[in-house]
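Please look at the model below before reading on.

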Amino acid sequence: MNNQPNRREMLNTINELSFSVLDIQLFLDTHPCDEDALAYFQECSNARNQALKEYAQYYGPLTIDTATASCSERWSWINDPWPWQEGGC
Amino acid sequence: MWNYEKRLQYPVKITQTNPQIAQIIITQYGGPDGELGASMRYLSQRYTTPYKEVAGLLTDVGTEELAHLEMICAIVYQLTKDLTPEEIQRSGFDKYYVDHTLGLYPQAASGTAWTASYIQSKGDPITDLHEDLAAEQKARTTYDNILRLVKDPEVCDPIRFLREREIVHYQRFGECLRIVQDNLDSENFFAFNPSFDA
């Protein structure tokens with residue numbers, strides 16, 4: 001259990017990467033040919049997808065697409081607290 | 001089509017209940033310049049816009065607004081969690097409580113229920129984008145007003161995040177307006193409606 005990554009740290013990383021993806025997504029909507037923005041989007045988006053997969057392996061899925069990554073015999077989507085609840089995301 | 005992500009866009013962790021301030025903040029859920037109206041406005045306007053940049057931004061900002069109303073609801077929920085009847089009566093939360101208990105209901109701080117008359121979808125990109133620019137500023141002013149009344153740093157922190165997003169959206173909608181005008185007759189932007197006459 002010692003090498004299990006910290007849940008709060010993983011979540012912070014996901015929140016930060018997701019914010020970067022969304023903010024650059026809005027920028028790209030009105031600047032679709034900006035090469036620097038496109039490269040930044042690629043970098044952040046890949047890191048976000050990886051982080052979401054890793055999180056699901058340890059703490060359950062945050063998205064339905066990563067629900068298969070959490071190896072559980074039960075339907076884990078409903079298990080962890082909802083985001084507005086204590087201990088949620 | 002939408003996918004849900006089981007996390008808030010920005011964390012909300014409030015440890016002290018405050019039903020009085022909850023009654024003010026709920027206005028950004030279902031009030032005249034709140035997040036529900038923002039989302040419905042942009043997601044309604046996007047269908048008839050002839051410009052791909054504008055359709056893209058209305059879709060993506062309209063989606064982000066859904067994440068914002070979830071944050072506002074989380075704030076109100078945590079500010080009113082496990083209240084006792086005595087606390088409800090003392091704080092003036094009793095008028096909300098009698099109709100909704102501690103359930104979340106989209107209403108203004110005044111108690112007026114959310115209504116589609118808070119928004120417009122006019123079917124003219126110049127008209128709609130001016131509405132959107134004004135809406136972002138009205139929401140920003142509302143957050144400024146909230147920040148003058150709220151002292152709890154755990155509440156101020158997510159409210160400041162939401163306030164900043166209004167400013168970013170205003171900038172992006174301004175870029176959309178320029179894109180639309182670049183496609184029109186510079187002698188007379190209003191010579192025709194590109195959503196209808198083109």
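## Ground rules

This is a predicted model, in which local features need pLDDT of at least 70, side-chain atom pairs count only at pLDDT 80 or more, and totals for chains, interfaces and linings use all residues. Residues are numbered from 1 along each chain as its sequence is written, while chains are lettered from A and ligands numbered from 1 in the order in which they are written.

## Chain B overall

Chain B has eight helices and zero strands. Helices (H or I, at least four residues) and strands (E, at least two) are DSSP runs, numbered from the N terminus. The C-alpha atoms of chain B fill a box of roughly 65 × 35 × 30 Å along the principal axes. Chain B has 198 residues, and 37% of them count as buried. A residue is buried if 20 or more other C-beta atoms lie within 10 Å of its own, exposed if 12 or fewer, and partly exposed in between; C-beta atoms are placed from the backbone.

Take the contacts in chain B between residues at least 6 apart in sequence: 76% join residues at least 24 apart. Two residues are in contact if their C-beta atoms, placed from the backbone, lie within 7 Å.

## Helix α8 and its partners

Helix α8(B) has 30 residues and reaches 44 Å from its first C-alpha to its last, close to the 44 Å expected at 1.5 Å a residue. The expected span is 1.5 Å times one less than the number of residues. Buried residues of α8(B) include Ile159(B), Glu166(B) and Phe173(B). Their cover includes α1 (7-30) of chain A, and α1 (19-25), α4 and α7 (125-149) of chain B.

Two of these pairings are listed here.

| Helix pair | Axes come within | Crossing angle |
|---|---|---|
| α4(B) and α8(B) | 11 Å | roughly 165° |
| α7(B) and α8(B) | 9 Å | roughly 160° |

Axes are lines fitted to C-alpha atoms, for helices over the stretch in contact, and angles run from 0 to 180 degrees between N-to-C directions. α7(B) and α8(B) are therefore roughly antiparallel to each other. Angles under 35 degrees count as roughly parallel, over 145 as roughly antiparallel, 65 to 115 as roughly perpendicular and the rest as oblique. The crossing of α7(B) and α8(B) is left-handed. That label applies if the near helix is turned anticlockwise from the far one by less than a right angle; clockwise is right-handed.

α4(B) also passes α8(B) in a left-handed crossing. On the α4(B) side, the contact includes Leu57(B), His68(B) and Ile75(B). On the α8(B) side, Leu162(B), His169(B) and Cys176(B) are among them.

## Where the chains meet

How many residues of chain B are in contact with chain A? There are 21, and they meet 16 residues of chain A. α4(B) gives the largest share of that side of chain B, nine residues.

Helix α1(A) has 24 residues that should span 34 Å at 1.5 Å a residue, and its end C-alpha atoms are 35 Å apart, which agrees. Leu17(A), Ser18(A) and Asp29(A) are among its buried residues. What covers the buried residues of α1(A) includes α2 (35-59) of chain A together with α4 and α8 of chain B.

## An exposed residue

Asn79(A) lies in the segment after α2 of chain A. Asn79(A) counts as exposed because it has 12 C-beta neighbours inside 10 Å. Tyr59(A) is 20 residues from Asn79(A) in sequence, and their C-alpha atoms are 9.9 Å apart.
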